[in-house]
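Please look through the sequence and the model, and then read the points below.

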Amino acid sequence: MASYPEAVRRATHDERTDEFWSREPSTQQGPRQSEVLNVRKVVAYELLSLDGVAEKPDGFFADWDDAMEANLGAVIAAQDSVILGRRSYEEWAEFWPGSDIEPFATFINGVAKYVATSTPLDRKWANTIVVDGELVQFVRDLRTQPGADIGVHASISVAQALLAAGVVDELRLVIAPTIADSGRRLLDGLPRIRLESIRSTTSPTGYLLVDYRVIG
């Protein structure tokens, strides 16, 4: 399953949620190449087990604390579009339109969603655009258009393709203190990629919040 785990779905809206929409990402960093070139950032946000499994995070995400929720809120507050794979789109299009789990429901239902697929979509979802042509070139072109950050959420194959092509600017990971043992791993099969650590902290329930800048 490509969707966020049940722990996220059970999160309830309270007065903290409204703060996330005005919160600046906590990452402290100098000027990025994307800023110098006046292009948008591509930010991949993924939930992983300690051994790198990204598939079916329901199996290893048992908790979702305030720090993790604030981290997600900061990530999506900086984004105005999302790239999804076909499988993630179909699962999310079934769940999120009827959800009241904030702040993600309002974000994902309203944001522009670009779906990488070679066949017609089974479900309709507001603000969805099918990627016409090769995904990597599409994202390169999208980066040069006016707008905020471009997010990659949950879609393992999309994240891998964009990482391999060098068009991801930041990798923001939430790592569970669990060894999943089996399942698709986010970083399997990728070429050598240099990363720079720009933030690392531990949530109250022991999950690692780790942000990297892709530098080559």
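In this predicted model, Lys-113 lies over the face of Trp-125, at 4.6 Å from the ring centre. Trp-125 is itself buried, with a relative accessible area of 9%. The points below turn to the aromatic rings, the sheet, the helices and the loops.

**Aromatic rings**

- The count of aromatic pairs comes to nine.
- One of these pairs is formed by Phe-60 and Phe-61, whose ring centres are 5.6 Å apart and whose planes make an angle of 55 degrees, so that the pair is classed as tilted, the class between under 30 and over 60 degrees.
- Both partners of this pair are buried: Phe-60 has a relative accessible area of 7%, and Phe-61 has one of 3%.
- A further tilted pair is made by Tyr-89 and Trp-125, with 5.7 Å from centre to centre and 50 degrees between the planes.
- This pair links distant parts of the chain, since Tyr-89 belongs to helix H5 (residues 86–95), whereas Trp-125 lies in the loop between strand S3 (112–116) and strand S4 (128–130), 36 residues apart.
- Tyr-89 is buried, with a relative accessible area of 0%.
- Ring pairs also join Trp-92, Phe-95, Trp-96, Phe-104 and Phe-107 into a cluster.

**The sheet**

- Eight strands form an open sheet with mixed pairing, in the order S4-S3-S2-S5-S1-S6-S8-S7.
- S4 and strand S7 (195–202) are the edge strands, each of which pairs on one side only.
- On average, and with direction ignored, neighbouring strands of this sheet are turned by 20 degrees against each other.
- Strand S8 (residues 208–214) pairs with S7 in the antiparallel sense, over seven bridges.
- Within this pairing, Ser-200 stands opposite Val-210 in S8, and Leu-195 has Val-214 in S8 as its bridge partner.
- The hairpin of S7 and S8 has five residues between the strands, and in it Gly-206 takes a positive phi near 95 degrees.
- S8 also pairs with S6 in the antiparallel sense, here over six bridges.
- The bridge partner of Leu-171 in S8 is Tyr-212.
- Why is S8 described as largely enclosed by the rest of the structure? The reason is that five of its seven residues are buried, a term that requires under 20% relative accessible area.

- Which residues of H5 are buried? They are Ser-88, Tyr-89, Glu-90, Trp-92 and Ala-93.
- The buried residues of H5 pack against S2, H6, S3, S4 and S5.
- The loop between H5 and helix H6 (104–110) contains Ser-99.
- Is Ser-99 buried or exposed? Its relative accessible area is 15%, which is under the 20% limit, and Ser-99 is therefore buried.
- The side chain of Ser-99 reaches the backbone nitrogen of Ile-101 at 3.0 Å.

- Helix H8 (residues 156–165) has as its buried residues Ile-156, Val-158, Ala-159, Gln-160, Leu-162 and Leu-163.
- Gly-166 follows H8 and has a positive phi, near 75 degrees.
- Arg-192 is found in the loop between strand S6 (170–175) and S7.
- Arg-192 has a relative accessible area of 74%, which is over the 50% limit, and is therefore exposed.
- Arg-192 and Ala-164 are 28 residues apart along the chain, and their C-alpha atoms are separated by 8.6 Å.

Key:
Residues numbered from 1 in each chain as written. Predicted model: local features only at pLDDT ≥ 70, side-chain atom pairs only at ≥ 80, totals over all residues. Heavy atoms only, no water. Phe/Tyr/Trp six-rings, centres within 6.5 Å; stacked < 30°, edge-to-face > 60°. Buried < 20%, exposed > 50% of the residue type's maximum accessible area, 1.4 Å probe, protein only. Helix = DSSP H or I, 4+ residues; strand = E, 2+ residues; numbered from the N terminus. Lys NZ or Arg CZ within 6 Å of the ring centre and 35° of its normal. Pairing = 2+ DSSP bridges. Axes fitted to C-alpha atoms, helices over the stretch in contact; angles between N-to-C directions. Polar contact = N/O pair within 3.5 Å; in protein donor to acceptor, adjacent residues only side chain to side chain. Contact = heavy atoms within 4.5 Å.
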